[in-house]
Every structure is written in structure tokens, then in C-alpha cells.
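Please review the fold summary below. It is arranged by topic.

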Amino acid sequence: MNIEQAQLYPRKTCPLCGKVAVLLLRRKYNEEELLEYLTKRLSGRVSPNIFKDVQYEIMHCALCDFYFQTYIPNDALAQFIYTDSEQSLCDGIYKKENRSLSTMIQYARGLEFIGQLINKTPHDIKVLEFGSGWGHWLAFARDYGFDAHGLEISLERIAHAKTTYGLHVVNTTSQLDCKSFDFIFADQVFEHLNEPVANLKTLTSLLTDKGILYISVPNGKDLSKKLLNNQILKAIHPIEHINCFTNASLKKLASLAGLQPLSLALVARKLLSLIRLKRNAHYSQEVLRFWNNQHSSTHIYFIKSTTLQ
């Protein structure tokens, strides 16, 4: 990695529709609050001086209901940002390996939900986690019986996933052993991406004709309120959360990549027999949760636009 090549560059228009957006916030990075955040977040890997000639700007595209930062890291700077320091490496591993029982139950229910929707035996379901991190969810999916694969930008996290869990995790799509997946899982990733449309189109090309793609990102529905209350760092994390989606803008992104939201009717048909068979309120609750997420949250299941529901 070459620190001399690390820099921020501007996005002058909306990354989704390409139209001119409205400026909501402009602050200098050398202000105390922002400078303190950058110094702590970068842990000495990059000098805050690299930000002295640019500003922290948040834009809003009314057509897409999409919020985004103007100045974003180039590939060289992103490598420094997402390279884990020794302390963050230890903290990240400790946090993930000490997950609560409720989190583990949530993982299991989510995987069962997917298994029922895809309607294959677990070992026949090919799964790709986009942004697989330390490999914890992917290992859980593998242990559940799925054929699990991962894509990850951090070489440290790839190494951990391989050595700790024996997972197949790679750095680029060209390195994937499998080129077609029944389920693609992207949790807390798209808020970080410089080119979200291009990235999602790539994932769509890896999805089977009847496959399902799940995207979860922070919800930006209250972002304007946070800005009005001067809660800057809670709005969009500088240089990291460079995109901020609402339910509408996440669906807009998906449509640009040839995807449509999975319908409640399809989910209800898939799970109705299971609800009747097991007489378990959990499955009814799962359908209700799915409905609420699809219509108001930024945790959405998608399928290809060409797939009949």
C-alpha cells in the first residue's frame, strides 16, 4: 500500500441517478469533533493531514431519497482505512466470538427462513456472503449445511476466516470457485461502497434465476433530524459510511441492478404449509417481520426482476 496515492475525491452527482443533489451539511475536517473522530478511527495508520484540503459534505438526492458524502476515499486510501490495526483486530475477534444467544438464534432462524424460501436441501444451497468480515456468519451458514463462500476486502479478515473456520473466502469475484449462488448475503456493506450500482450489478450476475439477495444497511430515514440536532457523527460516519439509504433509495438501487423486492405473497405461500405443519407462532412472526422490513426498513430481500412471483 502506498500512502502517497491515498486521497479523497469528489462525487459531483447522485451515485444512483446521476442527477445534481442538494447540499445538506458542510464542515471542515480540521474541526475538533471531526479531527478527533478521524484520529481515533484511523489509529495512526493515516495522518489526518490528508483531509486538510477537503470538507465533510452530506448531499441529498430528492429523486432517489438518497444521502451520500461528496468526498470519498480512493482505492489506496480505502486499503488503509479497512486494514485492521492490531488492537481493532483483537477487539473485532473478541466481539464476534462473544455473541449473545439471541444473536445466534437470529442467525439460525434467518438461515431456516432462507432454506424454506429456496426449497432445497441445505447442502444444495450455494451461499455467498459479500463482505464476510471475520467469517462468523459464514461459518454459521456452513455449519447449518449450506455450501458457503465469502468475498472480503480485508486480507487480515480473510486470513482469520480461513485459519479459524476453514472457510473459502477470497478477495475478488474472479477467485470464486462458484459463479452462481442461490442466496447472496450483504449485511452492512453497501453504505461503504464507492460504486454501489456497479457492485450490485456484479452480485446480480452471480445470482441464480430463482436466487435471493439480501441487503441490510443503516436506515437513513431520520438523518435530516440528526443533522438538525447537530448529531453529525450519528448521521453518516465520515469517510466510511459514504452512502446512506432509505427504504425507497435501497429499492431504487436494486432496480438499477435488475432486482425487485421479494413479495409477501411468495413468502406466505412458501411458509404457509410450514406454519400449518408445525403450528409454531415463530413462522407467523417471521412473515410479519418480513412484511414490515420490506415496506419500511433497509433490510430487504430481493430477486431478479425477470423472476415471476
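Which residues in α7 are buried? They are Pro-196, Val-197, Leu-200, Leu-203 and Thr-204, where buried means under 20% relative accessible area, exposed over 50% and partly exposed in between, with a 1.4 Å probe and protein chains only. Seen down the axis of α7, these buried residues fall within an arc of 125 degrees, so they line one face of the helix; the arc is that of the directions from the helix axis to the C-beta atoms.

This is a predicted model, in which local features need pLDDT of at least 70 and side-chain atom pairs count only at pLDDT 80 or more, while totals for chains, interfaces and linings use all residues. Residues are numbered from 1 along each chain as its sequence is written, and side-chain values use heavy atoms, with hydrogens and water left out.

**Whole chain**
- The protein chain has 12 helices and 13 strands, taken as DSSP runs numbered from the N terminus (helices H or I, at least four residues; strands E, at least two).
- Of the 309 residues in the protein chain, 49% are buried.
- Among contacts with a separation of 6 or more, 77% are between residues 24 or more positions apart; contact means heavy atoms within 4.5 Å.

**Sheet**
- Seven strands form an open sheet with mixed pairing, in the order β8-β7-β6-β9-β10-β13-β12; two strands pair if DSSP finds at least two bridges between them.
- The edge strands, β8 (169-170) and β12 (259-261), each pair on one side only.
- Six bridges join β9 (residues 181-187) to β10 (residues 207-216) in the parallel sense, and Phe-181 has Leu-207 as its bridge partner in β10.

**Helices on the sheet**
- Helix α5 (residues 136-144) packs on the sheet and touches β6, β7, β8 and β9, its direction making about 165 degrees with that of β7; axes are lines fitted to C-alpha atoms, for helices over the stretch in contact, and angles run from 0 to 180 degrees between N-to-C directions.
- Helix α7 (residues 196-205) also packs on the sheet, touching β6, β9, β10, β12 and β13, and its direction makes about 140 degrees with that of β10.

- Thr-204, in helix α7, has a relative accessible area of 9%.
- Beyond its neighbours within four places in sequence, Thr-204 contacts Ala-257, Gly-258, Leu-259 and Lys-304.
- Glu-240 lies in the loop between α9 and β11, and counts as buried at 7% relative accessibility.
- Leaving aside neighbours within four places in sequence, Glu-240 has contacts that include Tyr-37, Arg-41, Glu-191 and His-192.
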